[in-house]
Amino acid sequence: MPMSESMNVQPETEQVKLEEDQFQVQSDHAQLDAQNVKKALIKNRIHGMSGKKKILSLLGVVLVLAAAWYGWSKWSGTSKSSDYLTATVAKGTISDTIEATGTLEAVKSSDMGFKSDNTITALNVNPGDHVKQGQILAQQDPTTLQSSLQQAQSSLEQDRYNVQAASLTYETNQQTLEQQQQLYDAGAVSKEDLKTATNTATKSEWDLATAKSKLVNDQAKVSQAQSDLEGATLIAPFDGIIGAVNGQVGQINGINSSSSTLLTIMSEDLQLSALVNEADIGRIKVDQDVEFTTSTYTDKTFKGKVLRITPQAKTVSSVQYYPVLISVEDPDKQLLSGMSVSANIIVSRKTDVLTVPMMAVSYGQTYSTTNTQSTSSTQTSTQTAAKSSSSSTTNQAGKQAVVAVLQNGKPAARTVVLGLSDGSKYEITSGLNEGDKVIVGTNTVDTSSSTSTSSSSSSKSSSSSKNQNQGGMGGGPPPGM
C-alpha cells in the first residue's frame, strides 16, 4: 500500500475510536442523569407526602425488615436444639402418705326420748343450741307418773308393817313350840299338842317369808315409778350441742310413739372415721399423724392422729376397706359432724431435704436412652439408672436414677440416688447440689430431634408415677361409705 494511503487509514481509525469514547461518555452521563432524575422524583414524591403518609411508609419498611429477619432466624435455627425447661434443686419437705376418705362424727352422741307415752309440756332447746351437763332439755306431764309413785310407796309402807307383824308372830309361835317340846319331853302334853305347835310355828315362818318377798317386790315398783317420773324430764348427759329436735309441745312422745327419739345431743369434739384400702392397712400405725381437708374449707388443712384400727373389714364395691378412727384438732370449732373429708395418713416425712420434680427423673431417663453422644461408660451407668427409675415410684428409696443437669446451656447426665417420693417430687440423697438446674422438658418443638417427645414422655410418666404413689387403689371409697 502506498504510504499516503496508510497515513489516511490511521487518522480514520483514531477518529472512530474517539467517536466511540464520546458515545460511551454520553451514555454514562445519560444513565447518571436517569438515576438522578429517579432520585429527584422519589425525593419530590416524599416531600410531597403528608406527615401521616410518611409515618405509614416508614412502618411498612420496618415491618418488611422484621419479617425478613424472623424468616432468616427461623431458617437458621431450625436444626438447633430448643430451649430447655428447668427446675431448681431446692430444699423442702417431702412425705410418704396414704390416702383415705371418711366422714366426721361426734365423739359422743345420744338419742333421747321419753320412756312413757305422755304429752310433752316443755321443750327448752332447738337444733344448734349448746347445752351443759345436767341442763333440763324437755319435760312431760308428770301427773300420772307421780300418782303411780305414790301408790307404790304406799304399798311399800304397808309391806313394812306386814313384815314386822309376821316377824312378831313367828317369834311367838317359835317360843310356844319350844315350850311344847319341853312339856312333851316331860310327858305333860301329848304328841298331838306338840305337832300342832310345830305346824303353827312353820306357818308363821312362811308368812314372814311371804311378807318379806312382797316388800322386796314393792321396793322394786317404787324404784321403777321413781325412774319413770325422772324419765319425764330429759336432762343433758354431757356438755354438747343439740343436733336434732323431732317434736313440739303438746305432742305425745314415748317408747311406743311413731318417733321415739325426741332429740339428739352430740359432743362438740369430733373424730374422723376413715376407710383404708386393704393394700395399705399394713402400713397404718396408731399415733401416726394425719392431715385432711374438706370441701367446705378448701384452703385449710386440719390435723389429727390415728387412734384405733378396726380389725374387721368392710366391703365397699367388692373391695375390702378397714375403718380407721382418727382424732380431730379443731380449736376454732369450724368442722361439723357429717362432713366428708379427704385424709392423708403420714407414714414418713422428711424436712429440709433436696428435692426435684419427678418429671426431672422421667426426662433424665428419656435423655439417657436417646443421647448418642455420651461415652460408653456414661451410657452403661445411665441405662442401669433408667431401668431403676422406670420401676414403681412407691418404693424408690436408695435406688439410682439419671437426671439431665443444664451446664453452660447444654444438658449433662448426672446419676443420683433417690429417697422418698410424694407423687410429684423425689428426695435426692446424693448426686445433686442445691441450686443445680435440672431439665424437666423443652418449651418448643424441634423437627430434627426428639426433645419435644421427651418432654411429653416426661409429663406422662410423672402423671403415671403420681397415681401409683397414692396408696393402693388411689385413695379410699366414696365419702360416707
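Helix H4 buries Leu194, Ala197, Ala201, Ser204, Leu208, Ala211, Leu215, Asp218, Val222, Ala225, Asp228 and Gly231, where buried means under 20% relative accessible area with a 1.4 Å probe, protein chains only. The model is predicted, so local features need pLDDT of at least 70 and side-chain atom pairs pLDDT 80 or more, while totals for chains, interfaces and linings use all residues. Residues are numbered from 1 along each chain as its sequence is written, and side-chain values use heavy atoms, without hydrogens or water.

**Helix H4**
- The 41 residues of H4 (191–231) should span 60 Å at 1.5 Å a residue, and the end C-alpha atoms are 60 Å apart, which agrees.
- Helix H3 (143–186) and strand S7 (233–235) are among the elements covering the buried residues of H4.

**Aspartate 228**
- Aspartate 228 lies in helix H4.
- Aspartate 228 is buried without a salt bridge (a Lys or Arg side-chain nitrogen within 4 Å of an Asp or Glu carboxyl oxygen); lysine 115, the nearest side chain of opposite charge, is 4.3 Å away.
- Beyond neighbours within four places in sequence, aspartate 228 is in contact with Lys115, Ser116 and Leu145 (heavy atoms within 4.5 Å).

**Aromatic pairs**
- The structure holds three aromatic pairs (ring centres within 6.5 Å; planes under 30 degrees apart are stacked, over 60 edge-to-face, the rest tilted).
- Phenylalanine 292 and phenylalanine 302 are stacked, with centres 5.7 Å apart and planes at 20 degrees.
- Phenylalanine 292 is in strand S12 (289–294) and phenylalanine 302 in strand S13 (302–309); both are buried.
- Tyrosine 363 and tyrosine 367 are also stacked, at 6.5 Å centre to centre and 15 degrees between planes.
- Phe292, Tyr297 and Phe302 form one aromatic cluster.

Definitions and conventions. Helices (H or I, at least four residues) and strands (E, at least two) are DSSP runs, numbered from the N terminus. The expected span of a helix is 1.5 Å times one less than its number of residues. Buried means under 20% relative accessible area, exposed over 50%, partly exposed in between (1.4 Å probe, protein chains only). Lys and Arg count as positive and Asp and Glu as negative; His and the chain ends are not counted. Rings of Phe, Tyr and Trp (its six-membered ring) pair if their centres lie within 6.5 Å; planes under 30 degrees apart count as stacked, over 60 as edge-to-face and the rest as tilted.
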